[in-house]
Amino acid sequence: MLDADLIVIGAGPAGMAAARTAADAGLSVLLLDEQQRAGGQIYRDVERVPAERKKILGDDYLKGRALAEALDHPKIRHLTGAVVWQIEDGPRVAFTRDGAAGLARGKRLLIATGALERPMPVSGWTLPGVMTAGAAQILLKQSGLLCERAVLAGSGPLLYLVAAQMCRAGTPPLVLVETQTPADRRAALRHLPKALKAWRVLAKGLGLLAEIRRAGVKRYIGATGIAIHGQDKAEAISFEADGRRHQIACASVLLHHGVVPNTQATRSLSLPHVWSEAQRAFSPERDRWGRTANTDIFVAGDGGGIGGAVAAKLQGEVAALEVACDLEKISHVNRDRAAAPLRKGLAIELAARPFIDRAYPPYAKALAPADSTIICRCEEVTAGDIRRYAGLGCLGPNQTKAFGRPGMGPCQGRYCGLTVTELLAAETGRSQEDTGYYRIRPPLKPVTLGELAVLAETDLKEQEDIS
Amino acid sequence: MKPASPFRELQKGGGRVRVTFDGRTFDLREGGNLAAELLAAGIRSFRKTPVSGAERGPFCMMGACFDCLVVIDGVTRQACMCEVSAGLVIDRPGAEGEGDA
Ligand code: FES
């Protein structure tokens with residue numbers, strides 16, 4: 001059993017920043033992360049990225065380096081390759097690492113497990129060669145791989161970032177198939193005055209668009225009817241735009257229409273979650289310090305609502321200050337003094353969100369896919385199946401499991417949960433909030449009997465050592 | 001023969017080690033992300049789904065979708081969460097010991 005004042009799950013911007021802030025305040029920190037190196041998805045492998053890749057990825061990515069280096073602190077124990085599969089009151093965390101299970105106990109727990117790509121079920125999205133835009137970016141950051149003859153489809157800033165990075169690398173996408181409409185842009189304008197506070201964010205976006213234009217990449221706006229074609233791999237994408245149907249042969253399709261909080265951990269703890277209409281997703285309830293309904297458990301970063309990497313870092317620091325105050329390492333006065341500039345930065349960072357959320361809404365046809373479209377990738381359940389369950393009286397995602405197997409495969413609903421909520425809400429006429437979400441049960445990630453056996457042995461040994 | 005890959009590799013060098021996937025040998029970059037290195041080697045489909053037998057390959061590259069599942073030493077694992085090491089014997093799930101069926 002490992003003990004720490006603070007356990008942090010996730011070594012992305014929120015987790016890394018929280019770990020360092022807590023350590024500086026004198027807390028012992030145990031940082032658990034699935035990857036072999038710090039950074040999370042946004043700063044994946046930032047500490048060992050080769051020089052020639054830096055220009056392609058850009059300065060914002062390289063900012064993660066300082067956060068990763070700051071983990072080198074005597075009060076921080078960073079366990080890489082640690083896969084958390086159970087979280088209990090206590091807080092106690094069970095994880096596997098190097099083929100053995102381990103247990104940790106903390107006085108406080110910070111969940112910083114970030115975001116997932118919003119599921120984008122369209123016809124053919126399960127074919128090999130179809131990936132999330134985030135996956136393409138991870139391939140570039142970590143492995144220096146670029147998708148050739150790729151089409152990017154969906155909406156949102158990440159689509160432009162990935163496209164611009166591909167252009168910089170000399171492998172521009174064939175086209176951008178964008179689902180937001182001119183009406184979305186007009187509706188977003190009322191959020192623009194506030195967004196100007198975050199003018200750097202907006203300027204960056206405009207810069208990306210200029211790069212894409214200079215590279216001569218064609219952009220289709222307001223695309224609909226997106227379908228991916230191929231026998232055993234993606235070979236073409238078709239869609240409607242500019243009043244006609246287009247078909248483009250390609251080798252990869254990269255999908256993205258926003259990211260959503262990864263709530264697997266907070267759901268497994270049965271913490272209350274709220275629906276955000278602006279972000280079309282659930283997030284765990286938390287106070288201004290990131291504290292959840294369970295007073296020992298905090299959430300920071302995109303896992304508590306989408307705000308991006310800089311906001312995540314600031315939230316991580318704010319939460320760490322509150323934990324340090326809880327454990328009487330700093331006074332309330334010092335906590336508030338240190339938090340004030342962080343909150344100011346957070347307000348600026350989040351100012352552009354309402355504009356971005358409204359300008360780049362999710363692709364409507366992926367929230368309400370055609371009956372024949374697979375929505376649960378694991379168990380191959382279709383949108384039509386879910387509608388049929390609703391017709392038979394099924395009201396909530398958990399009940400669907402009585403009718404079929406959606407959400408019961410290995411991904412545990414990570415890539416179908418929100419779709420099922422949306423489909424049932426639309427069919428029953430109830431709100432997404434009332435419709436709810438899957439109940440998530442441990443193990444959060446698969447654990448083998450062999451791994452558990454090692455845990456049992458060490459547990460016995462510990463008991464012997466004590467007696 | 002190496003199958004054609006739809007990926008361009010920025011970094012050509014790097015020490016390579018031999019692994020087998022589905023009975024075929026590949027020289028992959030040591031320490032690289034296993035899913036990425038298999039993709040770079042031209043593997044498109046990592047497995048067939050148990051429900052319909054449809055082909056699947058990596059989708060999220062971050063350990064969330066489980067579409068990159070492979071079998072290593074009898075244990076089903078997410079290729080995108082593994083690193084390449086010399087001598088890995090990788091099978092397609094459900095195909096262990098079935099040969100080239
Ligand atoms: S590609 Fe999604 S889990 Fe590996």
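The second largest cavity is lined by residues from both chains: A:Glu34, A:Gln35, A:Gln36, A:Arg37 and A:Gln142, together with B:Asn33, B:Cys80, B:Met81, B:Cys82 and B:Glu83. It holds about 70 Å³ of space. By class, its lining has 3 nonpolar, 4 polar and 3 charged residues. Here Ala, Val, Leu, Ile, Met, Phe, Trp, Tyr, Cys and Pro count as nonpolar, Asp, Glu, Lys and Arg as charged, and the others, Gly among them, as polar.

Some ground rules. This is a predicted model, in which local features need pLDDT of at least 70 and side-chain atom pairs count only at pLDDT 80 or more, while totals for chains, interfaces and linings use all residues. Residues are numbered from 1 along each chain as its sequence is written, chains are lettered from A and ligands numbered from 1 in the order in which they are written, and side-chain values use heavy atoms, with hydrogens and water left out.

On a 1 Å grid over the protein atoms alone, a cavity is a set of points where a 1.4 Å probe fits but cannot get out; a pocket is an open set with protein on both sides within 12 Å along at least five of seven lines; and lining residues have an atom within 4 Å of a point. Grid points are joined across faces, edges and corners, and a volume is the space filled by probe spheres set on the points.

By this rule there are 6 cavities of 30 Å³ or more. The largest cavity has about 110 Å³ of space. It is lined by 13 residues, and closest to its centre are A:Val260, A:Pro261, A:Thr263, A:Leu418 and A:Tyr437. Strand S17 (259-261), helix H10 (264-268) and strand S19 of chain A each give at least two residues to that lining. Helices (H or I, at least four residues) and strands (E, at least two) are DSSP runs, numbered from the N terminus. The lining of the largest cavity divides into 8 nonpolar, 3 polar and 2 charged residues.

Strand S19 (residues 281-284) of chain A is covered on both faces, with A:Ala281 and A:Ser283 buried on one side and A:Phe282 and A:Pro284 buried on the other. Buried means under 20% relative accessible area, exposed over 50%, and partly exposed in between (1.4 Å probe, protein chains only). S19(A) pairs in the antiparallel sense with strand S18 (residues 273-276) of chain A, over 4 bridges; two strands pair if DSSP finds at least two bridges between them. A:Trp275 stands opposite A:Phe282. The hairpin of these strands has 4 residues between them, and A:Arg280 takes a positive phi near 45 degrees there.

What about other backbone angles? Most residues other than glycine have a negative phi, and most peptide bonds are trans. In chain B, B:Met61 has a phi near 60 degrees, and B:Phe66 has one of about 65 degrees. B:Met61 lies in the loop between strand S5 (55-56) and S6 of chain B, and B:Phe66 is found in the loop between S5 and S6 as well. B:Met61 counts as buried because its relative accessibility is 1%, and B:Phe66 is buried because its relative accessible area is 1%.

Chain A has cis peptide bonds to report. One joins A:Gly90 and A:Pro91, with omega about -20 degrees; A:Pro91 sits in the loop between strand S4 (83-88) and S5 of chain A. Another runs from A:Pro442 to A:Pro443, with omega near 0 degrees. A:Pro443 is in the loop between helix H18 (432-435) and helix H19 (449-466).

Now the second largest pocket, with about 1000 Å³ of space. Of its 35 lining residues, the closest to the centre are A:Glu451, B:Thr76, B:Arg77, B:Gln78 and B:Cys82. The largest share of the lining, 4 residues, comes from S7(B). By class there are 15 nonpolar, 9 polar and 11 charged residues.

Last, one residue in detail. A:Ser238 lies in strand S14 (residues 236-241) of chain A. Is A:Ser238 buried or exposed? It counts as buried, because its relative accessibility is 3%. The side chain of A:Ser238 makes polar contacts with the side chains of A:His229, at 2.6 Å, and A:Arg245, at 2.8 Å. A polar contact is a pair of N or O atoms within 3.5 Å; within protein, one must be able to donate a hydrogen and the other to accept it, and residues adjacent in sequence count only if both atoms are side-chain atoms.
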